Amino acid sequence: MSNQIFREYRFKFYLNALHYIVFNGQRGQEHPHTWEITIDIMINKRTFIEFRTFEEKIENFLEPYQDMLLNEVPPFDVIIPTLENIVDQFADPLSEIIHNLGARLIRIEGKETPTRGYIVDFTESDEYMNDINDFSKSAVMDIMDLVIDECLR
């Protein structure tokens, strides 16, 4: 049975960049990655937003990091660009971008290899729960409107 309150979507993006890690005070070797960034979002079922709207905004956000040595790009010029730090640093601004488009970021996952990833999950956040409540109220109101309209006919 399909969900009658909200829809969830998944987008994947690829960030091609270089970085190095400083471990125990030693700078590691500079090396490239193609990080896979997966973003799951939730939208009120009554809302329609074109996929490309999300894709363009998120790609614009990632653009300053593409093909760069991350260690030289803020905030990673002061924060070591580990997979975890990259995802943590991207989570809030991407959440804001997605929210401004009328949706909610559910989770963001970054992978540096197909078998190694890191996830930030927002499903326990107050904002997520508030959206679920709002979407539920909206769905109930829609059902009530339909029932009233049907009774008046």
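Predicted model: local features only at pLDDT ≥ 70, side-chain atom pairs only at ≥ 80, totals over all residues.

Trainee: What kind of peptide bond joins Pro74 and Pro75?

Mentor: Most residues other than glycine have a negative phi, and most peptide bonds are trans. Here the bond that joins Pro74 and Pro75 is cis, with omega at about 0°.

Trainee: Which residues have a positive phi although they are not glycines?

Mentor: Asn24 has a positive phi of about 55°, and Asp67 has one of about 60°. Asn24 sits in the loop between strand 2 (22-23) and strand 3 (26-27), whereas Asp67 is found in the loop between helix 1 and helix 2. For accessibility, buried means under 20% relative accessible area, exposed over 50%, and partly exposed in between, with a 1.4 Å probe and protein chains only. Asn24 therefore counts as exposed at 68%, and Asp67 is likewise exposed, at 61%.

Trainee: How many helices and strands are there in the chain, and in what order do the elements run?

Mentor: The chain has three helices and six strands, and from the N terminus on its elements run β-β-β-β-α-α-β-β-α. Buried residues make up 38% of the 153 residues. For contacts, the criterion is heavy atoms within 4.5 Å; among contacts between residues at least 6 apart in sequence, 64% join residues at least 24 apart.

Trainee: How should I check the span of helix 1?

Mentor: The expected span of a helix is 1.5 Å times one less than its number of residues. The twelve residues of helix 1 (residues 51-62) should therefore span 16 Å, and the end C-alpha atoms are 17 Å apart, which agrees.

Trainee: And which residues of helix 1 are buried?

Mentor: Phe54, Ile58, Phe61 and Leu62 are buried in helix 1. They cover an arc of only 95° around the axis, so they lie on the same side of helix 1; the arc is that of the directions from the helix axis to the C-beta atoms. Strand 1 (6-19), strand 4 (31-44) and helix 2 (83-100) are included in what covers these buried residues.

Trainee: Where does helix 2 have a kink?

Mentor: A bend at a residue is the angle between axes fitted to the seven residues ending there and the seven starting there. In helix 2 a kink of about 35° lies at Ala91, shortly before the proline Pro93. Helix 2 has 18 residues and reaches 26 Å from its first C-alpha to its last, close to the 26 Å expected. Its buried residues, among them Leu83, Phe90, Ala91 and Ile98, pack against strand 1, strand 4, helix 1, strand 5 (104-113) and strand 6 (116-121). Helix 2 is followed by Gly102, whose phi is positive, near 95°.

Trainee: Which side chains make polar contacts with His33?

Mentor: A polar contact is a pair of N or O atoms within 3.5 Å; within protein, one must be able to donate a hydrogen and the other to accept it, and residues adjacent in sequence count only if both atoms are side-chain atoms. The side chain of His33 has such a contact with that of His19 at 3.2 Å and with that of His31 at 3.1 Å. His33 lies in strand 4 and counts as buried at 14% relative accessibility.

Trainee: Is Glu36 buried or exposed?

Mentor: Glu36, which is also found in strand 4, is buried, with a relative accessible area of 16%. The Glu36 side chain makes a polar contact of 2.9 Å with the side chain of Tyr14. Leaving aside neighbours within four places in sequence, the residues in contact with Glu36 include Lys12, Phe13 and Glu109.

Note on methods. Residues numbered from 1 in each chain as written. Heavy atoms only, no water. Helix = DSSP H or I, 4+ residues; strand = E, 2+ residues; numbered from the N terminus.
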